[in-house]
Each structure stands twice: as structure tokens, then as C-alpha cells.
Amino acid sequence: MRRKSESFEGSNFVTASSFEGGIKFSSLMVPPPAAWMALLLVLCFANRPEHKGSRPLFVDITERAGVGFCHHNGGFGKKFLPETMGSGCAFFDYNNDGWVDLFLVNSTDWPNHWSGPQLCRLYRNNRDGTFTDVSRDTELELELYGMGVAVGDYDNDGWDDLYVSGLGGGRLFRNEAGRFRDLTQKSGIRSKGFGTSCAWIDFDRDGRLDLFLCNYAKWSEETDKSCSYDQVHKSYCSPADYPPDSPQLFRNLGNGTFADVSKPTGIYSSDCKALGVVVLDYNRDGWPDIFVANDTTPHKLFRNNQNGTFTEVALDTSVALDGNGKTRAGMGVDFADYDRSGYASLVIGNFSSEMLSLYHNTRGAFFVDRADTVGIAKDSFYRLTFGCLFFDYDLDGWEDILTANGHIMDDIHEYDSKLTYAQPALLFHNQGDGKFTAMPSESAPDLFIPMVGRGLASADIDNDGDLDVLISQNNGAPRLLRNDCDLSNHWLQVATVGTRSNRNGYGALLLLKAGKSTQTKRVKSSSSYCSQSQSQVVFGLGRDARVDLLEVQWPNGLKEEYRGLQADQRIVLTEGRGWMKRP
């Protein structure tokens, strides 16, 4: 959303909020019949997504922004499983200049089939709608078969660090005032599996970020199997053809090193094929829990026992399987309080013919998949969804859903005419009544151009108050989409700085009241598929130009309140020290 009178100068804090009420008829000077007709029209169209005029909601600015990255999966005809997966992306402010930068994970060639360097890329935000590749200057020109990325200040020095996961192990990079140093060996983080999504979490609330790693199936070039759909040509095998693996949890020891505590904490689970992870507090007890989306094996929900251990409760809370008691091909995952119940629900991307899952949280007791009843099942039936994201794209105060889609088989159309390799994204508008409506292709033509979508993240790249989008593509170019909604809705963007809690404030609960609406949001680490959105929280306020109450509950338990905040500004909350406005 860009207002002509606004400047792009300032910080990169976004917010989203809601508008409850509607049109007031008391001021309309019309005769009674006309008033009734106006009321009927409002009732007829009240639940339809608002899209005024021909201006698209999102515009592709990838090329003009200078983002020249192209993902490379290394495929050369052998149809190796990792080639189907693609990689993720991240938004974060690596140089602390108040503008969000972007990072794209790359894969590489297989041994004896090298075609040239295939590198991950970091792009610095130039504050004018363009980006500059600074990978070499920041020492982030890394080459690995990369998959996921997690952003977090693990040493609490005020500079966000990076962990990049991948096949055969990942890499830890410490941010040293805008330059990165590979400290993987020194850190003690050891992972030799097929690493996918990863997330920072302060699971023991000691103020230091720990690291959670998803591992996919046990695959190697030596153990690769031969699969064929037509009994003639080799096809990509299913993950069901390979053994599962366990996720890992590494505890931050506070001296630059980590210890693998997967087994003593209860995280070790040898039956996982993990692709997505989110850190959430599903039962509102103030301690971070972990949800893992698995591909063809039951999902996992690790409840924090508040003593340094976890209990796996996915089956007990009805989130392990679908409504028929079967597993699905879970890919990406995100959470949000989409219905303003105060509790975080889950959206999960699945395989084609499986539809999206939307597990509604019933006050921390159990989950119910309401994808069909809320209106997101039908349109997602033929989509194979990797990245999925809750975000309030129109700043009306209700969390919408965006998905990145694309099949794993490049020849799938030859076997099923209803399916395609490249697929359009899906954007579901939250109507505010527990239902979603799929936005039509003409509302955002650039967004809905088919691509082999994988990673998905959102951030306010131009500091205009709304959330823009980055979608990564398997073996192709990403798509950077600027949000051009012009609804004049208000917003508040909130950044958190922990002092006793972890410096990022990951896990902090924000409660906002404006007018008649109440919203709750968490400060998140990673989500979607192998990706991370900006950490600043965006509240959409709709027509409310003032925030009556903003309450923050920090991970260490401290609660603070702020009243009478003006809308349309970026603020920073510092634990125990109050708030300040970002310019």
C-alpha cells in the first residue's frame, strides 16, 4: 500500500489491523426507500473482498528491483529426490539501517556434474525500491545444497545471525556488524541429515536463542532408488520410499557453542520426515511449543513442560492426522489468531488432491481441521502447496492466507491433465466472520502467474506500512511482489528488543485494542516453508486511527502496557524500558 503523500524514508516496521462496524447511515440525507436500498447493497456485498478499480493488489518488481537470483537444483536427468524440493528465503535487516534486506538460499550441482558456482545471495535494500547484491562483500557467497534459513541474534549482540540448512548439514553465520563469519565448526552444531526448515527458539526461557532443525527422509546419492510411473522412464520417487529421520534441538550454552539436547528434551523422534516448523504457544501457558509438519508421516506437536523437556501431544490434540485418520504430505506451516479467539491456529500446505489444512485451535485443548468450512479447501484441491503464510495484506485487522504452489514432477501433466508443474499462488481474504474468499486472478495478475513455488515470506520492503511478498522458485527465478493495495487503512508496526528475554523478543505476545477490536499476535521466528518473514509485527487497524491499548508479555513473563498510541507509525518496544518511535 503506497499513499502518494507518504515518503519512503523511515524504518521497516509494519502493522496490520481491523475494521469492525461498516457504513454509518445516520449521516445519509436520503429518503427512506433509498436508505433501505443502500442497506441491502451493503448486506449483499459486505463479505466480498474489496478491490477497488483496476489497480492490482501486488506488482512484480523483481527485475526492476535488481534481484537477479536464479535457483539451481542440480538436475541432470537422474531424478534425485532433493531436486524436487527447492529452497527458502528470508527478510531481515542485516545492517541495522532500518530497511529490510532479503536473502535467497541456493542449491548446487551434484559431484562430477559441476556447471559453475551456484551461490546463496544477500541483497541489500537501497531504500529506493531497488536492491544490491552484497553477498561477496558480506562473505555470504556460500555454496551448499541449501534448503532453509533461520534468522536470529543468538549471541544477543544486536546483529541478526543466520543459520542455513541443507543436504548433508547446514552452516551457522555470525553477523559481525554487517559481515558474516562461518562459525559452524566452532559452534558444535552437527547435522548430517537432509536439513529443511529450521527455527530459533528460546525453549528454556534463559534469554538465549536455541536452534531447532527439521530433517527430511534419509536419502543419499548412494541410496537413491529407481522409480517409474510408466515402467519405462525414471521418475522422482516418493518420500515414502526412504526411511524417516529425527529433528534436532541444539541448546545455546551462552559461550558461542551449542549442545545437541534432542534426546534429553524429548524431541528425538525417529519417525519424522519434517519439512515445516513453527514455534508457537498453542495453550497460552507462556512457554514456547513446537509444531512440525511431516511429509507422509504424522505431524508432531511438542508441548513445553516448563522444565527443559517436551511431551509430544499431536495425536492427543487431534493435529497428527487428517479427519480420516490418515497422514498427509505436509510441507510448509504457519500460525495465527485468524479468528480473534486469542489462540493460534495452524495452516499447513499439502500435496495435490489433499487440500490445505486449517487446524482451528479450540482454546488450547485440541484442534479441528476447518479447511472446508472456512472456504479454503476447494480452491486448493489441485494445488501442491509448499509455502503458506498468514498475513494481513489489506490491513483490515484480519489475517489472510497466501500460498506458494508447484508440483514436484516436471512431467505431471502427462499423467494427470488436471495437474501442472508450475502453478499459480492462492490468496484467501479473511472476511472477518470465520470464512475466507479466494481472490480472483484479475485482482493481482502478477501474483497469480504460474511458477514452481516453494519458499514464501513477507516484509515491508519500502516502509510504506503494508506487507510485500517474496516467493522462491525451484530451479528458477524468485518473484518479489510489492503490495499496492490502496485502501487507506491504518496500521501499527511493532519491533521488540529483549533485555532479559532473547534480544529478538521471539515468543513475545502482543495484544492490541483499537475501537471495538482486539487482536493478538506473536513475535515469530521461522514459518512457511524453509523461510522467514520479517520479525516486526504488523497490526492492521482498518479505519481506527488510534490504538487504545498495546500490551506486551515478554518471554520471561514481564507484562507492559502502552495506551493512546497513534496509528501509522513504526515503534520499538524495549523490555523494561518503554517504547520509542522509529523515524
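This is a predicted model: local features need pLDDT of at least 70, side-chain atom pairs count only at pLDDT 80 or more; totals for chains, interfaces and linings use all residues.
The largest contribution comes from β29, which supplies 3 residues. Both domain 1 (58-492) and domain 2 (493-581) are represented in the lining of the second largest pocket, with at least three residues drawn from each.

The cysteines were examined next. The model contains 1 disulfide. This bond joins C227 to C237, with an S to S distance of 2.0 Å. The link between C227 and C237 is right-handed, with 105° about the S-S bond. C227 and C237 are 10 residues apart, and each lies in the loop between β11 (210-215) and β12 (248-252). Both cysteines of the pair, C227 and C237, are buried.

C89 takes part in no disulfide, and the nearest cysteine sulfur, which belongs to C530, is 9.6 Å away. C89 is also buried, its relative accessible area being 0%. For C272, the closest cysteine sulfur is that of C214; the separation is 8.2 Å, so the two sulfurs are too far from each other for a bond. A disulfide requires the two sulfur atoms to be within 2.5 Å. C272 counts as buried because its relative accessibility is 0%, where the limit for a buried residue is under 20%.

A further residue considered is Q569, which is found in strand β35 (residues 569-574). Q569 has a relative accessible area of 7% and is therefore classed as buried. When residues up to four places away in sequence are not counted, Q569 touches W491, L492, Q493, W579 and K581.

Technical notes. Residues are numbered from 1 along each chain as its sequence is written. Side-chain values use heavy atoms; hydrogens and water are left out. Helices (H or I, at least four residues) and strands (E, at least two) are DSSP runs, numbered from the N terminus. Domain bounds come from an automatic or database domain assignment. Buried means under 20% relative accessible area, exposed over 50%, partly exposed in between (1.4 Å probe, protein chains only). Contact means heavy atoms within 4.5 Å.
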